[in-house]
Amino acid sequence: MNWRFAQRSTRQLSASRIQLWQAQYVGKGRLLSSAQRPADQIPSNKARLAIMDLALTKVNKFGWSEQALTSAATELGYSPMAHGSSKDTHSGSSSGLSLITHFMDRALDETRIEADDQLHEFDSTTEKLRFLCRVRLRQTRPMLQRWPEAAAILSQPQNVPVAMHQLADLASQLYYLAGDKSSRIDWYAKRSALAATYLATELYMCEDRSPNSQATWSFLDDRIENMTSAEHSGLKAVAFTNQFSRNSFNILSSWGFVHR
């Protein structure tokens with residue numbers, strides 16, 4: 001099928017896009033200095049978001065690291081250690097994990113914006129899920145060279161619960177945006193299937209060298225078709241869930257997220 005969105009330029013979570021989030025800190029094309037913008041006049045959460053957003057533009061240079069956060073804090077006129085306020089609420093989480101989860105949250109926000117603009121153009125749930133997965137995957141592309149590093153951080157035993165929570169939330173949000181608000185027993189089965197499909201495609205994309213990621217989109221199309229075919233083939237909900245739970249575990253294992 002010739003998907004309309006395949007021909008359309010999709011907004012990406014690029015450096016220029018991230019810079020837009022910092023508009024409240026920019027004056028006449030330059031970042032305000034600490035003298036112009038005293039730290040005690042900015043709510044702590046606002047400062048935290050400013051540091052995290054700017055740090056995302058530095059990931060390709062410094063990686064998912066404290067250095068990216070330190071550089072962002074300094075550029076915004078804060079102490080190099082001000083990024084301490086950027087640490088998330090997960091016990092023992094590192095600067096890298098905080099930055100990764102912030103990126104995932106921002107990318108999901110961008111996906112929702114894109115959905116508001118274009119989702120009405122698609123009729124079936126399958127078409128909507130395919131579109132939403134493509135939109136969300138495109139948010140990762142500017143970070144692609146550093147994504148294996150993010151996977152390594154997420155694979156650390158203490159971080160796996162955070163990784164799985166993010167993946168489960170993504171699947172749930174994508175189904176919700178696609179119009180599926182069911183509360184039947186297959187609710188979990190469908191979302192575990194989508195989570196496995198999305199994760200497999202994202203990791204495939206890390207190795208894809210085809211023009212415009214065409215191989216990735218073909219891979220995604222096949223996985224979506226397999227997923228929806230299984231969903232409508234009369235499989236029992238428990239068997240369906242078990243099948244995709246095994247798939248998810250195998251995917252995570254093969255890419256180093258969990259260890260057998």
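**Salt bridges and burial**

Modeller: At 14% relative accessibility, Lys58 counts as buried, because buried means under 20% relative accessible area, exposed over 50% and partly exposed in between (1.4 Å probe, protein chains only). This is a predicted model, in which local features need pLDDT of at least 70 and side-chain atom pairs count only at pLDDT 80 or more, while totals for chains, interfaces and linings use all residues. Residues are numbered from 1 along each chain as its sequence is written, and side-chain values use heavy atoms, leaving out hydrogens and water.

Colleague: With which residue does Lys58 form a salt bridge?

Modeller: A salt bridge is a side-chain nitrogen of Lys or Arg within 4 Å of a carboxyl oxygen of Asp or Glu. For Lys58, the closest N and O atoms of the pair are 2.7 Å apart. The partner is Glu75.

Colleague: Is Glu75 buried or partly exposed?

Modeller: The relative accessibility of Glu75 is 38%. Glu75 therefore counts as partly exposed.

Colleague: Which residue forms a salt bridge with Arg130?

Modeller: The closest N and O atoms of this pair are 3.2 Å apart.

Colleague: Which residues do salt bridges with shared partners join into one network?

Modeller: The structure holds nine salt bridges. Those that share partners join Arg130, Arg134, Asp221 and Glu225.

Colleague: How far apart are the closest N and O atoms of Arg146 and Glu149?

Modeller: Glu149 is partly exposed, with a relative accessible area of 27%. It forms a salt bridge with Arg146, and the closest N and O atoms are separated by 2.9 Å.
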